[in-house]
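Q: Hi! Could you walk me through this structure while I have it open?

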Amino acid sequence: MSRKWLEHEGPEWVDKRIITREQYEQILDLYHDNKHAIGVLPLLGSILVGLGILSFIAANWQEIPQLVRLILIIVLMVAFYAGGELFRKNDHDRLGLAMTALGLTCFGGGIVLIAQMFHLVSYDITSFIIWGSVGTLLTYLYRSKLLYLMSLLIFTAAQWYGVVEHHQFSYVCFAIMVVGLGYYSWRRQHVGVIWCFAVSFMLQALMLVIEQEWKFLWIFVPVMLLYTLGDWMKDRSSGFALQSVPLASAFLFAIVMVLAFDDFTRGDRLELLAQIPYFMGSLLLLFALSLYGKWKHNRISSAFEWILAVPFIYLHSGIAVMYLLALFTFSFYVLWRGYMEQWRFKINFATVLFICTTMVAYFKLTWDFMDKSLFFIIGGLLLLVLSWFLNRRKKVVLRDANEGGNHNE
C-alpha cells in the first residue's frame, strides 16, 4: 500500500463514512514519502550494475586464476547481501531487496561456475535444489514477493532441466517447493503469489505425469487437489486465484476433447484412460473434501464448477458433445454468478469463456463442410455480435450497482 494510493482512495472512504477524517489522517501519517523515496530508476540501476559486474567476470573467466575466481564469487555474493542489509537499514527497502536478489543470483551462478571450474559432473539437480532452498529461506526472512518468485522460477526451471536432460522427476524438489513456498502462499494470502504458485504446481504435475508415462487422466488428481485447497481458503479472492489455474486447465482439456477426439485412434484413447477404480476413487474423495470446504465457507453453490472434471471420456459415444455441453454449462454458470455477485471481473472472464466456447462449437460444426473464407467471415460476425450483446447486458446489470459490489458468494 502506497501513500499515493491512500491519498486517492482515502477521501472517498471519508465521504462514505467508512472512517473519520481524523482516522484517515492518522493512517496517512503511517506512510511517509521519505520511506518510499527509492524509485524504479535506482532499482534498475543497481540491477544493471550488478549484472554488468557478473557479465564482465564471466567474459574474462578463463583468464582468471582459479583461486581468484573462487574469492571473487564469495566476495561478490557477500557484498550483495551486505549491501542489501545496509540499504535496508537506511530505509531503502527496494534497493536493499534488489541487492539481496543479486546476491541470490550470484549464489546460483557461483554454483554453476565452480562446477565448471573443477569439472564436477552432476547427474541430478541437487545444486539447483540447494539454490532454490536458499531462495526460499530468504523469502521467509525478508517476506519478499520478488524473492518468492525467483525461488519459484528456480524450482520450476530445475524440474524442467531434470526431466529434459536427466529424464528424472525430482520429488525432493517438488516437495520443498510445495511445502516451503506453498506454506508461504497460504500464510500471506496474496493473490498474485498464489496464482504463480498454482502455475508452477500445475507445470510440475504435468512433468511428473509425462516423465513417469502415467495415463494422462491422472493429471486431474493434482489439478483438482489444487482446486480443493482453494475451497479451504477463507479469503475468496485467494481461493479464486488458486482455483483459476485448475479450472483453466480443465477447460482447455475439454476444448481439446471437443476439437480432436474424433481423430483419436483406439491407442490414443488408451493412452489417456486411467484405471477406473483408483482414478474415480481419488476424484470422489477430492470432491467430498471440496464440498465440505465449500459448505464450511458458505460457497456450496460453486460445486457446479466440478462439471469440468467429469471424465466424459469413459463414455462409449457422444464424448465430444458432452464436453461441449460442459463448456457451455460452465460458461453460463460463471456468467450467472458474475451477475449475481455484481463482480465485474467475473462477468468479463465468463464473457471470454462463452465466446471461446461458441467459437469452438462453430469450428467443430462447420470447418469440414463450409467454404473457408465464408467460415472466417461468419465467425468474425458472430464474435462481434456476441461481444456487443454481452457487453450491453453487462452495462445494464451493473448500471445501478455500487462501486465496490459484493464479491463473496
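Predicted model: local features only at pLDDT ≥ 70, side-chain atom pairs only at ≥ 80, totals over all residues.

Q: What about its backbone, what is the phi of N298?
A: N298 is not a glycine, yet its phi is positive, about 60 degrees. Most residues other than glycine have a negative phi.

Q: And is N298 buried or exposed?
A: N298 has a relative accessible area of 61%. Exposed means over 50%, so N298 counts as exposed.

Q: What is phi near for R143?
A: R143 has a phi near 50 degrees, which is positive, and R143 is a residue other than glycine. You'll find R143 in the loop between α6 and α7. R143 is exposed, at 59% relative accessibility.

Q: Which residue follows α8, and what is its phi?
A: That is Q189, and its phi is positive, near 55 degrees.

Q: Let's stay with α8. How many residues does α8 have, and how far does it reach?
A: Helix α8 runs over residues 171-188, which is 18 residues. From first C-alpha to last, α8 reaches 25 Å, close to the 26 Å expected at 1.5 Å a residue.

Q: Where is the kink in α8 centred?
A: On G182, with a kink of about 25 degrees. G182 is also one of the buried residues of α8, a list that includes F174, M177, L181 and Y184.

Q: What covers the buried residues of α8?
A: The cover includes α6 (126-142), α7 and α9.

Q: Speaking of α7 and α9, at what angle do they pack?
A: Helix α7 (residues 145-165) and helix α9 (residues 191-211) pack at about 10 degrees, and their axes are 10 Å apart. An angle under 35 degrees counts as roughly parallel, so that is how α7 and α9 run relative to each other.

Q: Which residues make that contact?
A: On the α7 side, they include L149, L152, F155 and W160. From α9, V193, F197, L203 and M207 are among them. The residues in the contact of α7 with α9 divide into eleven nonpolar, four polar and two charged.

Q: New topic: how many residues of α10 are buried?
A: Nine of its twelve, so α10 is mostly covered. The buried ones include P222, V223, Y227, G230 and D231. They pack against α9, α11 (236-260) and α13.

Q: What should α10 span, and how far apart are its end C-alpha atoms?
A: At 1.5 Å a residue, the twelve residues of α10 (residues 220-231) should span 16 Å. The end C-alpha atoms of α10 are 17 Å apart, which agrees.

Q: You mentioned Y227. What separation is there between the C-alpha atoms of F240 and Y227?
A: They are separated by 8.9 Å, with F240 and Y227 lying 13 residues apart along the chain. F240 is in helix α11. F240 has a relative accessible area of 15%. Buried means under 20%, so F240 counts as buried.

Q: What does K294 touch?
A: Not counting residues up to four places away in sequence, K294 touches Y227, D231, Q243, R299, I300, S302, A303, E305 and W306. Y227 and D231 are both among the buried residues of α10.

Note on methods. Residues numbered from 1 in each chain as written. Heavy atoms only, no water. Axes fitted to C-alpha atoms, helices over the stretch in contact; angles between N-to-C directions. Helix = DSSP H or I, 4+ residues; strand = E, 2+ residues; numbered from the N terminus. Parallel < 35°, antiparallel > 145°, perpendicular 65-115°, else oblique. Contact = heavy atoms within 4.5 Å. Nonpolar A, V, L, I, M, F, W, Y, C, P; charged D, E, K, R; others polar. Expected span 1.5 Å × (residues − 1). Bend = angle between axes of the 7 residues up to and from the residue. Buried < 20%, exposed > 50% of the residue type's maximum accessible area, 1.4 Å probe, protein only.
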